[in-house]
Amino acid sequence: MTDLTGLSLTGLRLSYTRAELRRADLHPAPLEQFRGWLQEAIDAGLREPYALSLATADAAGRPGVRTVLLRGADERGLTFYTNYESHKGRDLGANPQAELLFHWAEHERQVRAYGPVTRVPDAESDAYFHARPRESQLAAHASDPQSAPIRDRAALDATFAALHARYPDGTVIPRPTFWGGYRVQVQEWEFWQGRESRLHDRFRYAHRDGDWQIDRLAP
C-alpha cells in the first residue's frame with residue numbers, strides 16, 4: 001500500500017498550454033459549440049467523452065453528484081437514463097433541476113450546463129431501452145431499487161441469474177416502469193479552456209428574452 005503521509009498535493013500541478021478560446025471562435029448557438037467540442041473529443045479517441053458529472057440536490061438542499069452517460073443532445077436538451085427510484089431520481093422528483101459537467105482533461109476543456117429537468121416520454125425511453133445490450137437491460141431490472149442497501153454481491157448475482165432464466169435469448173425484456181430518461185433543458189452553458197498561469201478562458205451563454213447572451217467570465 002502506498003504511504004501518502006509525505007505527499008504534498010500543493011506541488012502537483014499542470015500548466016494548460018494546449019489552446020485558447022476567443023469570442024470569435026464561439027458558435028452563436030451553444031448547442032452547436034458543445035457538439036463541436038464533443039465531436040473533437042470523440043474523434044481524438046478520448047475515453048468515454050460522453051460521460052458527465054450530474055449534480056442534483058434534494059428538497060432540503062443536500063447536494064449529490066455522480067457520473068452518468070449522455071445519450072442525447074438536441075434542441076430539446078441533454079438526455080440521460082437512470083432508475084427513477086435511485087438517489088438522483090429521488091432528488092429530481094423533489095427538486096427538478098440539475099447541473100452537468102463534462103471534463104475532457106486531454107483537451108484541457110470543461111463544459112457546464114444548467115437547467116430544469118423533465119422525464120422523457122415513455123415511447124422514447126422504450127426505444128432507448130430496447131437499443132441497449134441485453135445484459136444492460138437485465139441489469140436495469142436487477143438493480144432495483146437502485147442506491148438501496150443489498151445483502152452482498154452474491155445476492156445481486158443471483159438476481160441477475162434469475163432474470164437470465166426468466167428472459168432467455170429471443171424473448172423481449174420489458175422496460176421497467178421505474179427506469180427511463182431525463183432531459184435537461186439547458187438555460188445556461190459555460191465553456192472553459194485551460195490557459196497558462198490559471199488565466200483560463202471562460203464564456204457563459206445565458207438564455208434571456210428568447211436569445212443567447214454571451215459573456216466572458218473572469219477565470
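User: Which residues does Arg-198 touch, leaving out those up to four places away in sequence?
Analyst: In this predicted model, Arg-198 touches Arg-13, Leu-14, Ser-15, Tyr-16 and Pro-219 once residues up to four places away in sequence are set aside. Contact here means heavy atoms within 4.5 Å.

User: What does the side chain of Arg-198 reach on Leu-14?
Analyst: The backbone oxygen of Leu-14, at 2.7 Å. A polar contact is a pair of N or O atoms within 3.5 Å; within protein, one must be able to donate a hydrogen and the other to accept it, and residues adjacent in sequence count only if both atoms are side-chain atoms.

User: Where is Arg-198 found?
Analyst: In the loop between strand E8 (188-193) and strand E9 (201-208). Helices (H or I, at least four residues) and strands (E, at least two) are DSSP runs, numbered from the N terminus.

User: How accessible is Arg-198?
Analyst: Partly exposed, at 35% relative accessibility. Buried means under 20% relative accessible area, exposed over 50%, partly exposed in between (1.4 Å probe, protein chains only).

User: OK, which residues does UniProt list for "binding site"?
Analyst: The unreviewed UniProt entry lists Arg-71, Tyr-128, Arg-132, Ser-136, Arg-198, Leu-199 and His-200. They span 130 residues in sequence and the farthest two C-alpha atoms are 42.8 Å apart, so they do not all gather at one spot. UniProt positions are in the numbering used here, feature names are shortened, and annotations may be inferred rather than shown by experiment.

User: And where's Ser-136?
Analyst: Ser-136 is in helix H4 (residues 134-142), and is partly exposed, with a relative accessible area of 26%.

User: Switching to the largest nonpolar core: which members touch the most others?
Analyst: Phe-34, Leu-78, Phe-102, Trp-104 and Trp-189, out of 30 residues. A nonpolar core is a set of buried Ala, Val, Leu, Ile, Met, Phe, Trp, Tyr and Cys residues joined through side-chain atoms within 4.5 Å.

User: Which element gives the most to this core?
Analyst: H1, with five residues.

User: Which residues are in the second core?
Analyst: That separate core has eleven residues, including Phe-129, Leu-163, Tyr-167 and Phe-178.

Key. Residues are numbered from 1 along each chain as its sequence is written. This is a predicted model: local features need pLDDT of at least 70, side-chain atom pairs count only at pLDDT 80 or more; totals for chains, interfaces and linings use all residues. Side-chain values use heavy atoms; hydrogens and water are left out.
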